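Reader: I would like to learn how to read a few features of a protein model, one at a time. Could you take me through them with the structure in view?

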Amino acid sequence: MDNALPEKIRDRILLDKDFQGFWETISPNLEGPVSGLLPIFFAWNKQDLFPDGLDIMKASFDSLRALGSLDVVSKDKRLEDYLHFWIVDTLKFLSEKDPAWLRDKIKFAFDDEALYLDWDAYRKEYSRVMGDEAGQLFSELESLSQTLLQTGKRRIVLINATFSGGGVAEMVPGLYKFLRHYGIELEWHIVHPYCPSCFYAVTKKIHNIIQGEHMEISDEEIDILRRVGRDNFVIFKWILEDDSIGAVFFEDPQVVSTLEAFLEYADSFGQVERPWVFRLHIDISGIEHSEENPGARRVWTYIDGVLNRLNELGGILLAQPHLIPSSWQDKERVFAQPPGIDVFSEKNRHRPDEEWVEILAEMDEGLRQLFLSCEPVILTGARADAWKGILQAVEAYDFLRKGWQQDWIPKFLVFAGGADDDPETGEIKRLIEEAIGRSDYSDDIYFVWNARGKQVGALYRLAARTNMPYLAVSIKEGYNLMVDEAIHQGALIITSNAGGLQRFEELGYQWIVDVASDILENADLEDLKDLRSAPSRLLTELIYKQMYSFVSYYKDKDDEYRSEQARLHHYIYSHSLLAMTRDYLKYAVLLRSSR
């Protein structure tokens, strides 16, 4: 039991007066698994009574996690950090003592019934949209999956930072569903930080620096990352011992330090399987101009050092199209990898109007009435991130209305939501609400917070059915799958050309706000943070001009709207989640063929 409860943790938990007072407050009302936790504290303090503490640790694990979900803990960061510090030590202990038990306990539990796959429906729909290209896609999926299985590899592992919120988390259930069809299991895990508030504050800062914000990163902040990485290497060390794993995908900078710890182990012990892939999902414009930003230089020196070592050991590096770092240009095993949507997911499935009306009514009666009235609705929305341009879109709607002279009036709908690994969510929500409140036309602006799944699909339909646009005018952008979702639900878009959104310029699409040249290169901005956290006059005017031209042009041109939407729709299918599944299988096969 010496490793079960380190002395520093025991002292903090059992002797700290704040924690004792906390327990005195809540312990009389505890139910279920948490109710047994208080005696376990005392049991751990009497370690001589328990020569084998493994059963106690297992019994308490669910209790610890249940305790972490209580409001009394989440509202007190000090108590929350205490608890997570202890949880991580428990995870490390259990990983050493019974890794199979822990692995099953902490992996994401997919709902197989909810993820039912009608393969015939996929084939029919893809053939309708893509023609002969669909047959080639399905043939490649079958061939690659069989090749991987013939090598004895029947499992792919994916590690990222959160099970909810953001593009990665939305794609994984569909990826699991497709791989399962071919007899391959996708196992999904997230990193476990000893201090979530510390870790996610640092990773959000790194995210912003990589995308262009001027900030410094300290030694202490890098140390937080590395400590989380070392902890999670211990938690996930079973990866090295499972011969059934064909590939391990590390997704985005939040998990770089965990990958670093795996690489350090490989350097020390040599003879270990290394079927590892790193994927970078975000905009990297900050690191491409790092001579002007010492913080970006330091961040990228650290991250790129880890990824260079991965590449030297035969690992694969993936980045978004148009966003492959210049330092990767001459490397082998570097690929542009677009993400994609599952066209039959709960969010993206096509439905009759009656269903959309019911979904909107469950959200808000005003939305139901808006749908039934067929009033034009301009739509914007994204994850609550200041880089997404939501604030500027709200300001642009004000510009539109001030000069409006038509005999019809477009409404404006804003939706946003948070991600578990983003500490800025609350602040961005407040800024959006303030921007709407300042508008002279706030009575015609709807704000929807944290719409999920089919609710988001219903919002896209509000714009699509009246020939209005969905605005995705990001200042910095990795890819933006919400654009693909909106197009799939029948909407045309007004987009920027930031980062991965440049794909629409390649398609010859007309309705693009030129963020890349008009804003980021030519604007006289001392600090990018001013641009992303408050409406910028120049960007707002550019959005307004495209918005005005779009709604004036398409209002009564149904055929032209549908024709352009169909052209984009074909592109969405050829770059969908099914195509990404094929590519992930391709990388796993490539890793096996080089062994």
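**Reading helices and a disulfide**

Author: Let us begin with a pair of helices, α21 and α26, whose crossing is left-handed. Please keep in mind throughout that this is a predicted model.

Reader: At what angle do the axes of α21 and α26 cross, and within what distance do they come?

Author: The axis of helix α21 (residues 481-488) comes within 9 Å of that of helix α26 (residues 558-574), and the two cross at roughly 125 degrees.

Reader: Which residues of α21 and α26 meet?

Author: From α21 the residues are Asp-484, Ile-487 and His-488, and they meet Gln-565, Leu-568, His-569, Ile-572 and Tyr-573 of α26. The spacing of such residues can be read from the helix itself, because an α-helix has 3.6 residues a turn, so residues three or four places apart point the same way.

Reader: Is α18 mostly covered or mostly open?

Author: It is mostly covered, with 11 of the 13 residues of α18 buried; among them are Tyr-397, Asp-398, Phe-399 and Arg-401. In α12 the buried residues include Glu-221, Leu-225, Asp-231 and Phe-233.

Reader: Where does His-207 lie, and what does it touch?

Author: His-207 lies in helix α11 (residues 196-210), and its relative accessible area of 15% is under the 20% cut-off, so this histidine counts as buried. Apart from neighbours within four places in sequence, His-207 is in contact with Ile-282 and Asp-385.

Reader: Which cysteines are joined by a disulfide, and which hand does that disulfide have?

Author: The count comes to 1 disulfide, and it joins Cys-195 to Cys-198 with an S to S distance of 2.1 Å. The torsion about this S-S bond is about 55 degrees, so the disulfide is right-handed.

Terms used:
Residues are numbered from 1 along each chain as its sequence is written. This is a predicted model: local features need pLDDT of at least 70, side-chain atom pairs count only at pLDDT 80 or more; totals for chains, interfaces and linings use all residues. Side-chain values use heavy atoms; hydrogens and water are left out. A disulfide is a pair of cysteine sulfur atoms within 2.5 Å. Buried means under 20% relative accessible area, exposed over 50%, partly exposed in between (1.4 Å probe, protein chains only). Helices (H or I, at least four residues) and strands (E, at least two) are DSSP runs, numbered from the N terminus. Axes are lines fitted to C-alpha atoms, for helices over the stretch in contact, and angles run from 0 to 180 degrees between N-to-C directions. A crossing is left-handed if the near helix is turned anticlockwise from the far one by less than a right angle, and right-handed if clockwise. Contact means heavy atoms within 4.5 Å.
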